[in-house]
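Hi,

Here is the structure I promised to pass on to you. Have a look at it first, and then read on for what I found in it.

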Amino acid sequence: MSPSTKSGVGNRTRVTGTRPSTSMRELPLSEVYQFLEAGPVVLLTTSQSGRSNVMTMSWHTMVEFVPPLVACVVSSEDHSFAALVAEHECVIAIPSVELAPVVVKVGNTSGRTVEKFKKFGLTPRPAELVAPPLIAECFANFECRVVDTSLVDKYNLFVLEVVKAWTDPKRKRPKTIHHHGYGNFVVDGKTITLKSKMP
Ligand SMILES: Cc1cc2nc3c(=O)[nH]c(=O)nc-3n(C[C@H](O)[C@H](O)[C@H](O)COP(=O)(O)O)c2cc1C
């Protein structure tokens, strides 16, 4: 088959061997994530044996509206991974841009050796339905239970159900941060409103 022949792959059609004739430049596959990580960078709290921990997370996506299901990747190298596997609970806390320096430090330190809440000045507050704490400095906090671990062995991917959600009504339009890799973040910009059928 010549390189430009269309070849059926399952029910999809693939064109192989052609290059875009525009000014497109090939992107190293290792950089793809920097374009797709659209969601806000969040903090994930866990608790194990009465000890709380917090990590930074940007690899997450919505899976269902209600009940809200969120898929997220937590590396098995992270201390938080063991707590998630053992306790099946966590809190997703959403920081605004003012917390960005703390968010990066939390994501560059392990709870194995550091008491991160204390070291980085984050205030734990009791959650209602789960053991891991909310974070007072974050404008939204979602209490979660792990509901599906079938892809944990393969991809470190946990599916979480949000069972209780909190936001701070005093903070009207907090700006979130969005990870572009290597210490680069985009900060939420202006809101535009268009007619759309999508909820
Ligand atoms: C901006 C940013 C985003 C991150 N996103 C993730 C992620 O989605 N999944 C993950 O496993 N680690 C992610 N990390 C790395 C963890 O936060 C980091 O490994 C952390 O030290 C783990 O903490 P722990 O060992 O206390 O669990 C991210 C770090 C940063 C700075």
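Predicted model: local features only at pLDDT ≥ 70, side-chain atom pairs only at ≥ 80, totals over all residues.

**Around the ligand**

The shell has 21 residues, and those that come nearest to the ligand are Trp59, His79, Ser80, Gly107 and Gly111. Two elements give two or more residues to this shell: strand 4, which covers 51–57, and helix 2. By residue type, the shell divides into 12 polar, 7 nonpolar and 2 charged residues.

**A residue in helix 2**

Helix 2 spans residues 79–87, and Ala83 lies in it. Is Ala83 buried or exposed? Ala83 counts as buried because 26 other C-beta atoms lie within 10 Å, and the cut-off for buried is 20 or more. Leaving aside residues up to four places away in sequence, Ala83 touches Thr46, Ser47, Gln48 and Asn53. Ser49 is 34 residues from Ala83 in sequence, yet their C-alpha atoms are 8.9 Å apart in space.

**The protein as a whole**

The secondary structure comes to 13 strands and 5 helices. The protein has 199 residues, of which 28% count as buried. Among contacts with a separation of 6 or more, 58% are between residues 24 or more positions apart.

Best wishes

Definitions and conventions:
Residues numbered from 1 in each chain as written. Helix = DSSP H or I, 4+ residues; strand = E, 2+ residues; numbered from the N terminus. Buried ≥ 20, exposed ≤ 12 C-beta atoms within 10 Å, placed from the backbone. Contact = placed C-beta atoms within 7 Å. Near = placed C-beta within 6 Å. Nonpolar A, V, L, I, M, F, W, Y, C, P; charged D, E, K, R; others polar.
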